[in-house]
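Please view the sequence and the model first, and then read on.

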Amino acid sequence: MEADQKYMKRAITIAGKGSGWVNPNPLVGAVIVKEERIIGEGYHEYFGGAHAEVNAFNNASEPVEGSSLYVTMEPCSFYGKTPPCAPLIAEKGVKRVVIGMMDPNPRVGGSGAAYLASRGIEVQYGVMEKEIRQINEPFIKFITQGVPFVILKTAMTLDGKIATVTNASRWISGEKSRKYVHELRQKVSGILVGVDTIIYDDPFLSTRRKGRRNKDALKIIADTRCRIPLKAKVLNHIPQLTILAVSELAERSKIREMERIGAQTVICPLKNGKIDLGFLIKSLGIMGIDSLLVEGGSTIAFSLLSDRLIDKVISFISPKILGGKNAPTPVGGKGIDKMENAIQVQDWEMKRMGEDILVAGYIN
């Protein structure tokens, strides 16, 4: 129905307001409609806070009995940090519930919808499911596999360079692209870079959106030998929220110094002389990190891609040409020897991003 899509679209829009604040929970929005009027709406605002349905009921301008509830994800049916929503919906006298997508959480798995139907409530699901799955990619992977959804972000010139021959990289991409990156940083739980990015660029890796409340993601630095400078901005920016992934090759005295200034360390096994990134990704999942944005290091990019640890690629292409056979490229490492073994990007899309072009797609 056209009306169902209209109200579900509104629920998706307000669900997005929770970006970055609800991880590792999903983005959820709810809209209450009565006599073709929206009388209440709400979204999941922060992890541990009231669910979207509860906020929508609390914001309702009139009694909700006999109304229709549009919710992006199946209402929960179990006690977690908050009471379940399905019984509350039944108690409120809602007559129809339109669900965008069923909850992939094994603790729910259709039980919320079944509970509503058992109470005589009309239940429909699958409205704008594709769009809802897209905004909840991290949650879906994390809740079903226990590891983060990993996004590789690159920015390069038209001739495929990420810096000049002297490693100058500011700025490859335009202002609009850089703003988009800060929106990505807001959404994810962690940002992963290699130590060379810290050494050459010394980035803050913070989220900076003008006029809006920002959340800094956890910074994770892959640093096999713990070469990171003590004065690096990621170690001295408050709050620090930095994890150093090191190996047995790192000097213990340097590790202790890092921990003294507030960084946490994860000792990872070696793989081909470098940090075992698969081990690191699994460890981050155990820590509750549901999503990672990989922002730097051509070597780490190749390692993650070749080990099939990347889920999505977002690349900004700038209309600039740098040249130089030794100028770095987005993906380095030893490379792939045969074209038939190339890593394929699927379901990709392309759009203009200010003066740049954005290409985004998925790794199977």
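## A buried aspartate

Asp-276 touches Pro-269, Leu-270 and Lys-271, leaving aside residues up to four places away in sequence; contact here means heavy atoms within 4.5 Å. Asp-276 lies in the loop between β12 (274–275) and α11 (277–286). Helices (H or I, at least four residues) and strands (E, at least two) are DSSP runs, numbered from the N terminus.

Although Asp-276 is buried, it has no salt bridge, and Lys-271, the nearest side chain of opposite charge, is 5.2 Å away. Buried means under 20% relative accessible area, exposed over 50%, and partly exposed in between (1.4 Å probe, protein chains only). A salt bridge is a side-chain nitrogen of Lys or Arg within 4 Å of a carboxyl oxygen of Asp or Glu. As to charge, Lys and Arg count as positive and Asp and Glu as negative, while His and the chain ends are not counted.

## Basis of the model

The model is predicted: local features need pLDDT of at least 70 and side-chain atom pairs count only at pLDDT 80 or more, whereas totals for chains, interfaces and linings use all residues. Residues are numbered from 1 along each chain as its sequence is written, and side-chain values use heavy atoms, with hydrogens and water left out.

## Overall form

The chain holds 12 helices and 16 strands. Its radius of gyration is 23 Å, close to the 21 Å that the globule rule gives for 364 residues, so the chain is as compact as a globular protein of that length. This radius is taken over C-alpha atoms, and the rule is 2.2 Å times the number of residues to the power 0.38.

Buried residues account for 49% of the 364 residues in the chain. Of the contacts between residues at least 6 apart in sequence, 70% join residues at least 24 apart.

## Salt bridges

A search of the whole structure finds 17 salt bridges. In one of them, the side chains of Arg-96 and Glu-122 meet at 3.3 Å, N to O. This pair links distant parts of the chain, with Arg-96 in strand β4 (residues 96–101) and Glu-122 in strand β5 (residues 122–125), 26 residues apart. Arg-96 is buried, at 10% relative accessible area, whereas Glu-122 is partly exposed at 46%.

Another salt bridge joins Arg-260 and Glu-257 (2.9 Å, N to O). These residues are three apart in helix α10 (residues 252–260), and are therefore separated by about one helical turn. Arg-260 is exposed, with a relative accessible area of 60%, and Glu-257 is partly exposed, with 27%. Elsewhere, salt bridges that share partners join Asp-4, Arg-96 and Glu-122 into one network.
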